[in-house]
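Please take a moment to look through the sequence and the three-dimensional model shown here, and keep both at hand while reading.

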Number of protein chains: 4
Amino acid sequence: MNRKLRMGMIGGGSDAFIGAIHRLAANMDGKIELVCGALSINKEIAISSGRSLFLAEDRIYTTYEEMLEKEAALPADKRMDFVTIVTPNFAHFAPAMMALEKGFHVVIEKPITLSLDEALALDKKVKETGLVLCLTHTYTGYPMVKEAKNLINKGTIGKVRKVYVEYRQGWLSKLSEREGNAGAAWRTDAKKSGKSGVMGDIGTHAFNLTEYITGLQVSELCANLNIVVENRALDDDGAVLLKFNNGASGVLMATQVAAGEENNLAIRIYGELGGLEWHQQEPNSLLLKWYDKPMETLRAGSGYLSDIAKHNCRTPGGHPEGYLEAFANLYKNFSLTLAARIDGTSVNKDVVEFPSVAEGIRGMAFIENVVRSNESSDKWVAYSI
Amino acid sequence: MNRKLRMGMIGGGSDAFIGAIHRLAANMDGKIELVCGALSINKEIAISSGRSLFLAEDRIYTTYEEMLEKEAALPADKRMDFVTIVTPNFAHFAPAMMALEKGFHVVIEKPITLSLDEALALDKKVKETGLVLCLTHTYTGYPMVKEAKNLINKGTIGKVRKVYVEYRQGWLSKLSEREGNAGAAWRTDAKKSGKSGVMGDIGTHAFNLTEYITGLQVSELCANLNIVVENRALDDDGAVLLKFNNGASGVLMATQVAAGEENNLAIRIYGELGGLEWHQQEPNSLLLKWYDKPMETLRAGSGYLSDIAKHNCRTPGGHPEGYLEAFANLYKNFSLTLAARIDGTSVNKDVVEFPSVAEGIRGMAFIENVVRSNESSDKWVAYSI
Amino acid sequence: MNRKLRMGMIGGGSDAFIGAIHRLAANMDGKIELVCGALSINKEIAISSGRSLFLAEDRIYTTYEEMLEKEAALPADKRMDFVTIVTPNFAHFAPAMMALEKGFHVVIEKPITLSLDEALALDKKVKETGLVLCLTHTYTGYPMVKEAKNLINKGTIGKVRKVYVEYRQGWLSKLSEREGNAGAAWRTDAKKSGKSGVMGDIGTHAFNLTEYITGLQVSELCANLNIVVENRALDDDGAVLLKFNNGASGVLMATQVAAGEENNLAIRIYGELGGLEWHQQEPNSLLLKWYDKPMETLRAGSGYLSDIAKHNCRTPGGHPEGYLEAFANLYKNFSLTLAARIDGTSVNKDVVEFPSVAEGIRGMAFIENVVRSNESSDKWVAYSI
Amino acid sequence: MNRKLRMGMIGGGSDAFIGAIHRLAANMDGKIELVCGALSINKEIAISSGRSLFLAEDRIYTTYEEMLEKEAALPADKRMDFVTIVTPNFAHFAPAMMALEKGFHVVIEKPITLSLDEALALDKKVKETGLVLCLTHTYTGYPMVKEAKNLINKGTIGKVRKVYVEYRQGWLSKLSEREGNAGAAWRTDAKKSGKSGVMGDIGTHAFNLTEYITGLQVSELCANLNIVVENRALDDDGAVLLKFNNGASGVLMATQVAAGEENNLAIRIYGELGGLEWHQQEPNSLLLKWYDKPMETLRAGSGYLSDIAKHNCRTPGGHPEGYLEAFANLYKNFSLTLAARIDGTSVNKDVVEFPSVAEGIRGMAFIENVVRSNESSDKWVAYSI
């Protein structure tokens with residue numbers, strides 16, 4: 001590859017949050033350039049945002065349909081290679097489908113779609129087109145998460161027996177959606193966010209992290225969802241008892257009303273021989289506990305890590321990497337994969353990997369199964385797709 | 001009070017664990033002396049243990065019945081004031097009932113009895129006799145636990161909305177009961193331990209801690225118990241979804257197969273305004289989190305603490321107090337209460353308090369309700385006594 | 001500004017470490033593009049490195065002189081705006097002087113030069129040309145470091161009395177310079193690194209951090225330097241007692257032979273009313289300790305922070321930012337300053353600031369005074385420039 | 001030994017702090033009983049304190065001379081075995097000398113005496129009498145400190161190269177000695193405290209901890225002492241550069257004006273292969289760092305610890321032990337030693353050990369050498385006794 005990959009963006013104008021994060025992440029490694037955007041459904045914001053990002057005037061679009069049409073019509077050496085979709089959940093599916101139809105690879109925010117049905121339809125389209133889709137489950141981009149997956153995969157802690165995963169935030173402790181917080185507003189509106197608020201926004205991350213690290217799949221669950229803040233329209237808190245396909249059990253906790261918590265995602269996994277513990281807020285350490293030996297603290301950037309963990313580090317130990325680097329790892333691995341396709345070469349998929357439609361389907365099914373369980377008086381509900 | 005209180009002990013010989021802990025705790029403040037014991041059902045151990053504790057030969061007993069009979073027959077200025085019962089769970093009830101009948105106050109290990117029925121019978125006897133019973137739920141003896149209770153009681157974090165309590169140990173990760181571990185053996189035998197292994201041994205601590213700090217009561221629950229280690233006779237792991245009588249919800253996790261964990265009891269409580277977090281393994285700090293202000297770390301031994309927290313500290317800040325001091329606080333408050341009764345004075349019960357039969361009944365009912373829920377296919381079971 | 005700033009780079013080829021870090025940092029915010037480079041003194045590496053960064057063939061240079069000449073000859077709308085110098089210490093001065101003479105702004109790695117004399121000459125040249133120079137003392141780019149400076153400046157902890165600053169690394173615990181570690185080799189060679197190894201490489205960072213946060217200046221010092229690893233040519237360890245111009249005292253510790261340490265830079269500052277503590281390896285927390293109140297933990301990304309701290313955060317609380325983001329803040333503030341100059345506008349220097357020549361001179365004088373003190377049998381040496 | 005050891009106490013009345021700590025520590029294991037005391041120079045306090053401790057009326061003394069005389073005249077099966085001296089520093093020497101002359105073993109608070117000369121005289125007396133003296137350098141009683149000593153002794157981290165020891169308190173941040181704080185008053189009065197305030201009170205602890213763990217001796221030093229709080233009569237802050245007898249170097253920091261610190265004693269030791277780190281405020285963990293492997297966290301109460309560490313633990317892992325247990329270990333090992341003497345048996349001195357006069361002499365010489373260095377304009381002063 002002798003050039004940067006060309007990225008377009010749908011959503012992510014100056015009135016949004018996550019789009020800026022995607023750009024920081026995509027910029028970091030110098031392998032991707034933003035060439036066009038339909039950055040807002042508000043035309044003025046779309047234009048001013050595009051200008052502030054130094055986009056060419058003729059590639060600042062005001063609808064995603066226009067952007068996908070016009071970019072598809074550009075010559076191959078100019079048109080964007082892929083599009084990043086960073087709109088609210090309800091506006092993922094249509095642009096993703098159209099982008100694939102027009103021949104563009106896709107990066108898409110989680111949860112992948114508004115419903116499981118949409119996710120299944122998108123999966124079909126991805127398979128038809130053979131294009132590449134990256135679902136930004138950011139937390140699996142952390143090197144120490146990848147190290148954890150590697151350790152479990154090679155049997156370091158023995159067969160997994162118990163998993164605790166928790167994702168605690170406090171930012172919805174008040175009825176912020178009524179006080180002008182746009183992000184709170186759409187996330188607590190089922191039409192825009194999906195069937196569950198807390199599970200769509202953060203529960204799917206916890207679920208994805210669990211299945212990613214352990215290599216297991218949830219087979220049954222027992223869920224409780226709550227609307228804690230009065231007058232809220234959608235759940236803001238939940239807990240789920242889990243059973244896994246290897247016989248292990250677990251607990252998944254997700255809440256957005258834990259006043260005083262920031263973005264406290266943590267996972268603890270116990271096997272026959274020991275345990276692993278990782279905290280997103282101190283992401284460069286992975287605790288490896290042993291039944292009868294001192295606990296070890298594995299650190300990002302260290303020489304003793306696995307190849308996949310090293311591949312996802314940019315700095316030596318003690319130079320903390322964070323959320324943006326984890327996010328950038330998704331773009332890095334996606335762009336390595338794309339570049340290899342363009343060059344007609346290949347990547348080592350054991351090391352160069354990222355979440356895609358399969359993870360999106362599992363996540364959407366998780367949400368739907370949790371909602372079904374919450375509404376049921378039966379204790380256990382089979383996880384079904 | 002111009003003398004030490006006189007303590008007798010049932011169980012706690014050199015072949016046991018928790019008895020030694022009780023003695024360390026009872027000794028610490030110099031207000032209690034051990035005067036007699038029926039320290040083991042093994043006669044030789046009972047005698048050698050008594051001698052190693054410098055007991056008078058005529059007050060080393062070989063059965064609790066003998067001890068209670070003979071001590072009751074001693075003159076008032078010589079006989080023991082109270083008896084501490086530190087036998088396995090199944091052997092709590094009979095000596096406690098007899099001790100009360102003979103007029104002795106009682107300290108008793110948790111869980112209070114083998115069954116809820118026994119606990120209710122014991123409660124009746126305590127009320128009849130008017131004697132004092134202390135149930136050693138050690139963890140409520142920590143000053144920062146008392147501070148947490150105080151903060152919630154005075155509304156610092158607003159109405160409680162969410163509670164997470166977890167108690168993770170790893171010592172039963174292997175089938176130790178088959179390898180000569182006596183403590184593991186009786187704890188995994190329902191006849192000696194009760195209906196649930198993990199809930200009787202540590203789940204009741206987590207439950208008691210939760211109700212103590214929050215001042216709430218569990219009203220409904222949904223439980224899952226597991227036998228994780230093959231060929232074990234009783235559950236070694238469990239998780240329970242909780243609903244409280246104020247509408248809050250929670251999760252209680254208790255496991256003894258978290259390989260690599262020591263005695264990791266922790267609680268997080270979130271209210272409308274902020275949250276509290278406490279970890280038994282770093283007991284001198286209490287984290288107070290705020291929705292929109294920096295987290296504060298309250299520390300044992302500090303001048304800004306409440307009266308009840310200060311009353312339960314022995315050293316200034318930075319001189320860490322631990323498990324034995326928490327345990328000693330139970331003995332301290334019990335002995336202050338007893339001394340006041342003997343002197344005909346009174347104590348300030350807002351400050352001088354300890355767990356008793358009421359907490360024991362709640363704990364036994366918790367175990368029984370959890371077992372009932374575990375066996376049920378209904379999601380929610382009402383907590384009933 | 002309606003375009004990205006154009007950056008050239010001297011040093012930083014594929015055989016180097018810090019150049020890649022600079023590029024990651026410069027890329028992140030999407031305001032800077034790398035347009036040319038003289039990336040190595042090895043011609044082949046210079047060319048291959050330039051290609052791998054997608055530089056135009058005619059802007060891949062093989063000497064810095066060629067680059068500065070040719071870039072200066074390009075039309076204004078094409079030539080680079082500034083040059084980043086990431087060569088070893090001994091090769092900072094000449095390209096920096098030439099760049100300034102050719103009219104280019106400069107970003108330069110620390111320590112600014114090989115000697116104090118060079119730093120003073122560079123200062124003169126910067127003043128003559130009126131160009132902008134940014135010295136990459138990365139650690140002052142962290143938002144919580146800026147918050148600490150702000151808190152002290154507004155008197156939160158009262159007059160500063162005591163400072164402890166420590167920078168512990170372990171990577172030179174063995175004689176790595178003899179085992180093919182190029183970075184170790186030049187850093188332990190006084191001709192390339194300067195008069196002191198440990199103080200040039202990391203001691204200046206600790207010194208800069210101290211003067212930056214406290215707003216104080218070191219006035220006297222008492223230093224001890226050691227060559228700990230046998231057969232090493234330059235010191236790898238040192239400690240310095242400090243006196244400050246307000247009467248406060250301090251201790252600065254820097255070592256590269258603390259086996260097992262990564263990049264452990266930490267500072268503790270105590271004033272009349274309280275103290276501040278910050279650890280580079282957990283950079284998103286700033287501890288604020290009080291004489292008679294609970295410690296507070298201030299967190300990056302929080303709404304309660306000062307304007308300068310917020311300006312240097314990219315993500316909300318709980319999304320950890322790290323070393324690369326701190327580094328990117330230097331580039332961000334430098335590029336905002338440059339853009340304002342180009343646009344004929346101005347920036348708020350209370351918020352948009354970065355280290356420059358003045359800090360470079362203080363650092364070089366620190367090294368020279370430390371070496372002088374180390375060689376002296378007098379206890380105290382006046383800090384002089 | 002078929003009885004408890006009998007302890008007398010000089011100082012430690014209800015108006016004092018450390019005496020109560022000694023009693024808690026001595027009580028804990030049930031091997032020592034307090035039989036008499038001269039608890040205050042204030043007669044009323046001496047008497048009321050004795051009564052509150054349930055001492056027999058005829059063994060509540062009002063001067064230490066009276067106590068030592070009268071106890072010496074009691075029959076062997078009644079008189080105290082040893083005396084604990086917990087008076088301010090200036091009042092250690094005379095009672096200790098008289099106690100030894102009367103044939104009593106001695107426990108004595110640190111620093112051992114007011115001056116080095118007194119310490120040397122006491123040493124002579126101890127040797128003459130052959131009696132046992134225990135100096136309560138509490139911090140060496142922690143099991144993880146003993147583990148650290150053991151690890152270094154067996155070469156785990158290789159030859160020691162660098163030591164950082166720091167002891168930071170904040171309680172003297174204000175002029176408390178003028179506000180009725182009796183402890184602050186005598187500690188800042190050279191006649192009662194000795195030549196240095198901060199070094200006598202806490203610097204000797206840091207010094208003792210360093211020599212104890214490393215097995216090294218300080219050979220040269222360079223000290224700076226400060227009176228930070230205006231109008232204070234004695235230093236409250238200091239830092240010392242150290243050289244050790246094996247060529248290693250170090251830094252010792254002691255301050256009582258670090259506002260917001262409690263009792264923050266910490267030590268970091270680096271050798272050729274790795275490092276050790278221990279914090280008194282989290283005493284149950286010992287960090288073992290490796291040059292090229294993950295850090296290990298060794299925990300009190302674990303099965304993998306050395307015999308000496310295990311001997312000094314009372315509870316299994318995860319049941320935190322603290323300051324009082326460390327203190328109790330001094331009494332435990334002292335009483336095991338005394339009991340063995342009385343029984344005519346012996347103890348394993350590799351495991352049953354405690355600080356004595358030799359450590360007291362090294363500590364007093366440390367204080368005097370630091371004061372000499374502080375007053376000197378020479379950089380280095382040889383450590384001499």
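In chain D of this predicted model, the residue Pro111(D) is found in the loop that runs between β4 (105-108) and α5 (116-129). The peptide bond that joins Lys110(D) to Pro111(D) is cis, with an omega of about -10°. Chain C has a cis peptide bond between Lys110(C) and Pro111(C), again with omega about -10°, and Pro111(C) sits in the loop between β4 (105-108) and α5 (116-129) of chain C.

Phe54(D) is not a glycine, and yet its phi is positive, at about 65°. If you follow chain D, you will find Phe54(D) in the loop between α2 (43-52) and α3 (64-73). Is Phe54(D) buried, exposed or partly exposed? With 14 other C-beta atoms within 10 Å, Phe54(D) counts as partly exposed, since a residue needs 20 or more such neighbours to be buried and 12 or fewer to be exposed. In chain C, Phe54(C) has a positive phi near 65°, and its place is in the loop between α2 (43-52) and α3 (64-73) of that chain. Phe54(C) is likewise partly exposed, with 14 other C-beta atoms within 10 Å.

From these local points we can turn to the overall build of one chain, taking chain A as the example. Chain A contains twelve helices and 14 strands. Its radius of gyration is 21 Å, close to the 21 Å that the globule rule gives for 385 residues, and so chain A is as compact as a globular protein of that length. Along its principal axes, the C-alpha trace of chain A spans about 65 × 50 × 40 Å, and 64% of the 385 residues of the chain count as buried. Among the contacts in chain A between residues at least 6 apart in sequence, 69% join residues that are at least 24 apart.

Chain A can also be read as two parts, namely domain 1 (5-131) and domain 2 (142-317 + 361-375), and the C-alpha centres of these two domains lie 27 Å apart. Where the domains meet, 14 residues of domain 1 of chain A are in contact with 15 residues of domain 2, and the side belonging to domain 1 is made up of nine nonpolar, three polar and two charged residues. An unreviewed UniProt entry places the feature "domain: GFO/IDH/MocA-like oxidoreductase" at residues 146-276 of chain A. Over residues 146-276 the chain is 27% helix and 34% strand, and the end C-alpha atoms of this stretch are 12 Å apart.

Finally, consider how chain A meets chain B. How many residues of chain B are in contact with chain A? There are 35, and they touch 35 residues of chain A. On the chain B side, the elements that give two or more residues are all strands: β6 (160-168), β7 (218-226), β8 (237-244), β9 (249-255), β10 (264-271), β11 (274-279) and β12 (285-290). The largest share, four residues, comes from β9(B). By class, the residues on this side of chain B divide into 15 nonpolar, twelve polar and eight charged.

Methods. Residues numbered from 1 in each chain as written. Chains lettered and ligands numbered in written order. Predicted model: local features only at pLDDT ≥ 70, side-chain atom pairs only at ≥ 80, totals over all residues. Domains from an automatic or database assignment. Contact = placed C-beta atoms within 7 Å. Nonpolar A, V, L, I, M, F, W, Y, C, P; charged D, E, K, R; others polar. Rg over C-alpha atoms; globule rule 2.2 N^0.38 Å. UniProt positions renumbered as here; feature names shortened; annotations may be inferred.
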